Amino acid sequence: MRDDPRLPSSPGFWRSPVRGVRFTAVLGLVLLVGVTVLFVTGLLSYAAYNPDLAPVNDMTPDKGLLGFYLFDWPTDPHWLYRLTQGVHVTLGITLIPVLLAKLWSVIPRLFALPPVRSLAHGLERLSLLLLVGGGLFEFVTGVLNVQLDYVFPGSFYTLHFYGAWVFFAAFAVHVALKTPKALRAVRNGLDERDLPDALESPNSAPPTVSRRGALWFVGGGALLLFATTVGRSFDGLRRTALLAPHGGADPGSGPNGFQINKTAAYAGIDPAETGPDVWRLVVTGRGGTVRLSRADLDLLALHSSALPIACVEGWSTSDQWWRGVRLRDLAALVGHADDPPDVLVESLQRRGAFRRAALRANQVADPRSLLALYVNGEELSPDHGYPARVIVPAAPGVLNTKWVARMTFGDL
Ligand SMILES: Nc1nc2c(c(=O)[nH]1)N[C@H]1C(S)=C(S)[C@@H](COP(=O)(O)O)O[C@H]1N2
Ligand SMILES: [Mo]
């Protein structure tokens, strides 16, 4: 039965002459580097949310030991998150053809009989289940989140974070077991017909493409995805990002003409609530509470900083020219003059995960961190957060709360 070529358990069933140890090894080595970068930049993205700071930022409560590595996310360089998250999302999308080709190349193994030859073999197969399942899960959840705009509201972080650890644990086992062989294979030191579990078909069909051609095909696919994705992170190239989600708000042109995540209408901001007679910013600290109108804010010392918006979805803008009140000056107004503490920022928005965010003391203290009133020389547009929004260097977009109504310093 093992050799009945009508059954997928027979090596003769799989007839592509492209399959072989070398083909698999090249793809595997690309993934070794690529997936490691994805894992590291993903963990950095999680750290950038400041999940240890306050429950409102903690997108994965009960992370337990998996949060062991968290550190104070810095404010320098100011494009840090733009870089790490741009790499994470762009590389993740680019690697899709490589992942699929790698899985395709080893499919015969999935059906090989007997399913378990020894304890060690059984354990290896179990790790493969986690590897393949975890890998597909990470790529699928990541792509869905980026392309479909939060299909798992609130739970994406939890799913993607736990999935990453499962995937990477299995990946590390797999790498330890396979890398020596993969390296030998690409250096040509391996004749796979000598191996007990060769990938090469004993019954191969006439070739329609060479192995090298097949690798070029995979690489070309990856390059095409890269070319139609990378523009998300560069203003001038935005229109080349054919794979970026379309149909969202058109930012138009002019000073406020840069990417909009959620519009004021989507967030349920009623223009009547932001008018000069109604809107007040309520700032609280150990020294008490002050209520400021937009005109009051204009009378405080205004400062400028050039900072980008960089979203977890991988897109970012170039630096915009923001003008507003320094967060540390607002802290000083309510009794935190020398040593600004953490702050909880709350929006007028009533529903949605991003209506509140906590910032760490180092972010409050940075002189470039603003409660912005203007951008590129003009009043903030409603969609960019009028009457006031937070902007902090190097932070993920979600920490840059729009339509701010309340700020509470200290005691988070
Ligand atoms: N109140 C509120 N603030 C918010 C959001 C939101 O949904 N509600 N989205 C955040 C996210 S995820 C990003 S990326 C930035 C986008 O800012 P922009 O729309 O001005 O580009 O705003 C942030 N501030
Ligand atoms: Mo975002």
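W79 lies in the loop between α1 and α2, where helices are DSSP runs of H or I of at least four residues and strands are E runs of at least two, numbered from the N terminus. The model is predicted, and local features need pLDDT of at least 70, while side-chain atom pairs count only at pLDDT 80 or more. Residues are numbered from 1 along each chain as its sequence is written.

W79 counts as partly exposed because its relative accessibility is 38%; buried means under 20%, exposed over 50%, and partly exposed in between, with a 1.4 Å probe and protein chains only. Together with V33, V37, L83 and V87, W79 makes a nonpolar surface patch of about 400 Å². The elements giving two or more residues to this patch are α1 (21-48) and α2 (80-94). Patch residues have over 30% relative accessible area and no salt bridge, with nonpolar side chains (Val, Leu, Ile, Met, Phe, Trp, Tyr) joined within 5 Å and like charges within 9 Å. A salt bridge is a side-chain nitrogen of Lys or Arg within 4 Å of a carboxyl oxygen of Asp or Glu.

Values for the protein chain follow.

| Property | Value |
|---|---|
| Secondary structure | 10 helices and 10 strands |
| C-alpha span along principal axes | about 85 × 45 × 35 Å |
| Buried share of the 412 residues | 48% |

Among contacts (heavy atoms within 4.5 Å) with a separation of 6 or more, 71% join residues 24 or more positions apart.

Methods:
Chains are lettered from A and ligands numbered from 1 in the order in which they are written. Side-chain values use heavy atoms; hydrogens and water are left out. Accessible areas come from the Shrake-Rupley method with a 1.4 Å probe; for residues, only the protein chains shown count as cover.
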